[in-house]
Amino acid sequence: MSRLTPLALVLCLAGPALAEEIFVSNERDNTVSVIDGDSLEVLRTFPVGRRPRGLTFSQDGRSLYVCASDSDAVQVIDPETGQVRHNLPSGEDPEQFALAPDGRTLFIANEENATTTVVDAQTRKVLAQIDVGIEPEGVAVSPDGRTAVTTSETTNMVHWIDTQTLAAVDATPVGQRPRFAAFTADGSRLWASAEIGGTVSVIDVATRKVVETIAFAVKGIAADRIQPVGVQMSKDGRHAFVALGPSDRVAVVDTATYRVESYILVGRRVWQLALNAAGTRLFTTNGVSGDVTVIDTATFRPIKTVKVGRFPWGAAARPMSSAQAPDGRAAGAAP
Amino acid sequence: MGSSGARRPRMRGGLRAGPRLAVILAALAPIPEGQAAPAPAGPLLTIQYLERRVERPVPVNNEDPIPDDEGAKGAELGLRDSNATGRFLGLGFELGATIVEPGDDIRRAFRDLADRRFVVLNAPAADVLALADLPEAKGSVLLNIGAPDTRLRDADCRRNLLHVLPSRAMLADALVQFLAFKRWSRILLVSGPAPGDALYAEALRRSARKFSARIVAESRYDPQGGDVRDTALREFALPTRGPEHDVVAVADEAGAFGASLNYNTASPRPLVGTQGLAPSAWGRPVEAWAAVQLQGRFRKLAGRAMRPVDWAGWMAVHAVGEAAVKARSTDPAAVRDALTAPGFEIGGFKGRPLSFRAWNGQLRQPVFLLWPGAVTATAPIEGFLHHRTELDTLGLDEPESACRAFSGTSG
């Protein structure tokens with residue numbers, strides 16, 4: 001301990017360890033599993049509300065937000081102890097959400113009643129409920145904070161929300177069953193996956209028009225089993241990782257050419273994706289096999305499978321120290 | 001939550017009996033205040049729901065009776081969903097509902113429809129054919145949600161007739177794929193007295209040949225209107241006695257005795273078919289692939305569980321709605337073209353894109369193998385392969401179907 005600088009010592013006291021942690025929601029177990037970013041072992045598992053799906057962190061990493069869908073709440077949880085600090089009003093059946101760059105405005109998709117609920121996480125007040133299409137699911141906020149989007153799975157559209165007026169201003173039809181949306185880091189493009197359509201639509205944010213539709217093909221896998229769900233941009237922005245559901249693959253797409261560079265075999269029915277803070281490892285939630293595959297993003301190879309709870313759904317890396325850039329990136333909670 | 005009160009579709013009257021009473025069930029859902037979605041730019045697209053009421057036997061075992069609004073409620077939910085989607089594109093839909101009592105003339109009811117471009121038909125096969133052959137139906141798209149008869153997808157197919165409900169052939173193929181996978185391929189078949197039972201049994205025989213299973217013995221059972229519950233313990237020993245078999249398959253579509261056959265077979269064998277492990281288009285335990293969302297919306301609307309014909313009713317209207325979205329129009333000709341275009345694919349909460357077979361108008365779809373407690377398996381079962389899509393291992397494939405009405409190319 002004598003070699004620790006005072007700063008490091010303070011950090012040790014203030015926060016837990018410097019090591020990184022990845023949080024995974026287990027939809028069927030009503031729990032969250034915490035994976036150590038170095039050892040890739042499950043450190044702890046704690047109970048949360050019913051049917052946890054989307055999860056994300058406050059920018060300082062001190063609060064974990066979990067969509068407890070069947071409890072009709074977004075829970076604010078101490079990531080250390082797993083204690084629920086309080087619930088946020090979320091509207092009915094919250095599935096996914098995204099935290100705006102202001103660090104306090106949450107955009108929540110209410111799957112059952114076709115709305116997006118906007119909540120101020122500090123005052124715990126509902127700011128607005130916005131009508132969108134049927135079964136809203138994917139949510140993302142643009143990096144400049146001006147635009148939020150919700151995808152609706154049965155209406156098959158991306159709904160554009162002006163974050164100043166909190167009104168839906170436009171809708172862009174995409175492929176069947178759009179499940180997830182992610183902005184590129186520069187905010188110029190939005191990627192939206194279509195689970196039944198089998199494609200990812202790349203939308204020009206300025207014109208709200210689809211500029212590219214990416215299709216996938218895996219040898220030996222029937223086309224209708226290739227079902228894109230989670231999308232995660234690489235740290236350097238050169239690649240996008242796309243979870244392909246029951247084909248048990250994650251596609252690596254070149255973001256400049258939209259060409260698929262490789263397909264990585266993971267666990268069964270891969271849903272969501274999360275990067276660690278450094279962007280060196282990708283964590284995939286594999287719903288049917290009940291595990292998480294850890295992928296080395298330099299080699300695009302899986303390095304470990306970590307057993308978690310039943311139906312792991314979302315994943316999020318916890319921002320751990322001030323030395324690292326705060327990063328609330330999370331599957332089920334695009335930044 | 002929110003403005004839900006304002007968003008409920010208008011109901012002008014309820015469903016009523018009588019062929020001449022066509023009720024507009026629900027028009028475009030009013031757009032709540034502050035909503036950016038535009039009002040429908042063009043005219044509403046009218047979809048008709050036309051049902052022949054049929055007499056149902058009284059349930060034997062205190063089962064919930066088949067609801068009077070089976071199918072209609074599914075179509076109504078389909079309309080709501082279509083309007084919820086359409087409003088973002090300025091497209092609106094309305095649903096007319098007509099119920100024809102037993103003995104009344106369904107052809108006259110069809111002719112009386114003001115707009116008959118898209119008609120969701122919940123009626124027996126004879127009615128379906130009678131309507132499809134009417135000169136007034138020449139330009140119509142009829143969507144069959146009530147008749148599982150394989151012949152309508154075979155030699156008796158019609159150009160203006162699409163099938164949303166799976167055929168008996170698809171149901172039987174799903175079941176026999178499951179049996180083949182389990183290597184439970186020796187089947188003892190017990191059929192009931194109704195004409196539908198004979199067709200169901202024939203579908204099972206055909207599937208057994210297709211997937212190398214074997215019907216080792218067959219028997220017929222007719223409760224003759226009697227109450228089998230008190231005598232089932234002894235009564236079923238005889239019809240279920242036979243050479244070595246792995247399962248007892250039952251064909252009893254009306255539910256006259258099949259439920260009592262379960263656990264009353266001569267040998268300890270699982271019961272499969274219309275009772276026991278049953279292949280179905282939909283059912284209460286179905287929840288994967290976000291089906292739980294559809295189940296929840298339906299239960300909220302209808303106050304009961306969604307049944308296979310309800311799912312087909314929802315799917316039929318949803319398909320027309322999605323075709324309109326694809327066409328960006330409510331012009332009937334444009335919607336019809338989109339609906340029947342070779343690449344048209346739609347979601348249906350079954351985990352795969354669904355589409356209409358180009359050779360007989362059947363919606364290709366997974367089939368669930370259910371018992372009341374769970375989804376035991378979903379067909380196509382793994383290992384049954386097809387060069388086009390595994391879904392085409394269920395039902396009449398292109399070379400098997402005698403349908404020639406669709407002269408188009410395969411797809």
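A residue is counted as buried here if 20 or more other C-beta atoms lie within 10 Å of its own. The model is predicted. By this criterion, 51% of the 411 residues of chain B are buried. Chain B contains 11 helices and 15 strands.

On chain A, 26 residues are in contact with 21 residues of chain B. Two strands of chain A, β11 (125–131) and β15 (167–173), each supply at least two residues of the side that touches chain B. The most comes from β15(A), which gives 5 residues. By class, this side of chain A has 10 nonpolar, 8 polar and 8 charged residues.

The largest nonpolar core has 204 residues. Within this core, A:Val250, B:Val120 and B:Ala316 touch the most other members. Helix α10 of chain B, residues 308–327, gives the most to the core, with 12 residues. In soluble globular proteins, nonpolar side chains tend to be buried together. The surroundings of B:Ala316 can be listed. Neighbours within four places in sequence aside, B:Ala316 is in contact with B:Ala75, B:Gly78, B:Val120, B:Leu143, B:Ile145 and B:Val164. One of these contacts, B:Val120, is itself among the residues that touch the most other core members.

Helix α4 of chain B spans residues 125–132. Its buried residues are B:Asp127, B:Val128, B:Leu131 and B:Ala132. Viewed down the axis of α4(B), these residues fall within an arc of 130°, so they line one face of the helix. An α-helix has 3.6 residues a turn, so residues three or four places apart point the same way. The partners of the buried residues of α4(B) include both strands and a helix. They pack against the chain B strands β2 (45–52), β4 (118–122), β5 (141–144) and β6 (161–163), and against helix α3 (106–112) of chain B.

Chain A holds an open sheet of 4 strands in the order β4-β5-β6-β7, with antiparallel pairing. Strands β4 (52–57) and β7 (84–89) of chain A stand at the edges. Each has a single partner strand, so one side of each is left without a neighbour in the sheet. Neighbouring strands of this sheet are turned by 25° against each other on average, direction ignored. Strand β6(A), residues 73–77, pairs with β7(A) in the antiparallel sense over 5 bridges. Here A:Gln75 stands opposite A:Asn87 of β7(A).

A further open sheet of 4 strands in chain A has the order β20-β21-β22-β23, again with antiparallel pairing. Its edges are β20 (231–233) and β23 (260–265) of chain A. Each of these has a single partner strand, so one side of each lacks a neighbour in the sheet. On average, neighbouring strands of this sheet are turned by 20° against each other, direction ignored. Strand β20(A) is joined by 3 bridges to the antiparallel strand β21(A), residues 239–243. A:Gln232 has A:Phe241 of β21(A) as its bridge partner.

The loop between β19 (209–215) and β20 of chain A carries A:Phe216. This residue is buried, with 20 other C-beta atoms within 10 Å. Leaving aside neighbours within four places in sequence, A:Phe216 is in contact with A:Gly198, A:Ile226, A:Pro228, A:Leu244, A:Ala251 and A:Val260. A:Phe216 and A:Arg259 are 43 residues apart in sequence, yet 9.5 Å apart in space, C-alpha to C-alpha.

Two hairpins complete the description. In chain A, strand β18 (residues 199–204) and β19(A) run antiparallel and are joined by 6 bridges. A:Val202 stands opposite A:Glu212 of β19(A). Between β18(A) and β19(A) lie 4 residues, and A:Arg208 in the turn has a positive phi of about 60°. In chain B, strands β14 (residues 367–371) and β15 (residues 374–379) pair in the antiparallel sense over 5 bridges. The hairpin that joins β14(B) to β15(B) passes through 2 residues. B:Trp371 stands opposite B:Ala374 of β15(B).

Note on methods
Residues numbered from 1 in each chain as written. Chains lettered and ligands numbered in written order. Predicted model: local features only at pLDDT ≥ 70, side-chain atom pairs only at ≥ 80, totals over all residues. Contact = placed C-beta atoms within 7 Å. Nonpolar A, V, L, I, M, F, W, Y, C, P; charged D, E, K, R; others polar. Buried ≥ 20, exposed ≤ 12 C-beta atoms within 10 Å, placed from the backbone. Arc of directions from axis to C-beta. Core = buried A, V, L, I, M, F, W, Y, C linked by C-beta atoms within 7 Å. Pairing = 2+ DSSP bridges. Axes fitted to C-alpha atoms, helices over the stretch in contact; angles between N-to-C directions.
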